[in-house]
Amino acid sequence: MVATATPLLRRAAAFAGGVALTLGALLSVPTAAQASTDYGPAAWVPASTSNYTNASRESDYNINYVVIHTIQGSYTSAINWFQNPSAQVSAHYVVSKGGAVTQMVREADVAWHAGNWTYNTQSIGIEHEGYVEQDGWYTEAMYQASAAIVRSVTSKYGIPRDRAHIIGHNEVPGATHTDPGSRWNWSYFMSLVNGTTPPPSWTSTVDNTTAGRFTASANWGTSTYSSQRYGADYRYANPEAVSDAAWYKFNIPATASYRVEVWYPANTGYNATTPYVIATTGGNVSVQVNQQGSGGVWVNLGTFSLAGGDYNAVGVSRWSGGAGYVIADAVKLTRV
């Protein structure tokens with residue numbers, strides 16, 4: 001995004017001017033997101049209309065490049081700054097260290113990111129959380145999430161997947177910027193873009209007894225009644241139209257597709273319409289499960305796009321129209 005010689009608070013915009021990023025922009029909370037229509041795994045938080053050019057690419061300009069940037073700051077600070085009308089800078093996508101993705105400019109429009117109008121009109125700009133002079137920012141989750149964006153846009157617009165067309169900000173003609181810098185692993189990144197390195201396998205299980213990973217109010221009781229339980233015990237609660245879910249927290253490595261499976265003991269006295277809530281990149285999705293049958297095994301709820309990060313990813317809600325206890329036992333996520 002910016003030249004490396006100056007801290008983020010004093011960065012010059014990459015399109016024009018020398019507008020400083022204010023402390024308020026760093027500390028404010030970004031606008032609540034909805035799902036992107038260009039790229040499914042991304043949230044959509046629009047940049048200020050003062051910070052990009054409306055266009056109809058590829059009718060008026062062909063898209064020939066992808067430009068890789070480093071924010072020189074946090075994921076949140078970039079999102080806030082691109083929403084500030086004074087910024088005079090933007091990018092199509094912002095990627096966090098944890099692999100979360102926010103789109104801020106439609107792919108059809110011209111983001112102001114490259115410091116070169118010709119390249120702005122012909123490129124997709126992707127900003128990455130971190131600092132070029134510091135280790136530890138370019139994580140596996142970030143590489144995977146960014147490469148997935150690049151695979152999407154190169155397929156969509158027929159951009160060759162090579163280093164002549166997927167470039168760093170420092171490689172834009174006339175650039176005074178050094179990002180993404182020497183710590184960015186171009187060889188590995190391009191292997192991900194070209195599919196020569198498969199995404200790492202990942203699975204994680206959280207039980208109701210997993211320390212620091214399960215939360216439920218005092219309204220949820222504990223039982224060892226059924227031998228079909230996963231682990232030592234399980235939790236139960238009466239159905240009621242209240243926001244009182246039991247939540248399972250996962251440290252998800254990257255924004256990607258994950259299979260969600262649940263384990264519960266079955267009983268004819270349990271709830272036939274137990275709602276499981278999955279926090280997808282497009283918002284919460286509810287899947288009803290009949291807990292009167294199929295107990296003591298992993299039950300597949302489906303495959304969903306989940307954001308990278310450490311958060312409450314799956315919940316069991318009490319908000320059921322049926323009778324009988326709702327059960328919270330164990331949840332497993334598997335990257336697919």
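**Salt bridges and their surroundings**

Author: Gladly! Let us begin with R163: its relative accessibility is 32%, so R163 counts as partly exposed, because that class lies between buried (under 20% relative accessible area) and exposed (over 50%), using a 1.4 Å probe and protein chains only. This is a predicted model, where local features need pLDDT of at least 70 and side-chain atom pairs count only at pLDDT 80 or more, while totals for chains, interfaces and linings use all residues. Residues are numbered from 1 along each chain as its sequence is written, and side-chain values use heavy atoms, leaving out hydrogens and water.

Reader: What makes E171 and R163 a salt bridge?

Author: Their side chains meet at 3.0 Å, N to O. A salt bridge needs a side-chain nitrogen of Lys or Arg within 4 Å of a carboxyl oxygen of Asp or Glu, so the pair qualifies. By this rule the count comes to eight salt bridges.

Reader: Why is E261 called buried?

Author: E261 has 11% relative accessibility, so it falls in the buried class. Its salt-bridge partner is R259, at 3.4 Å from N to O. R259 is partly exposed, because its relative accessible area is 26%.
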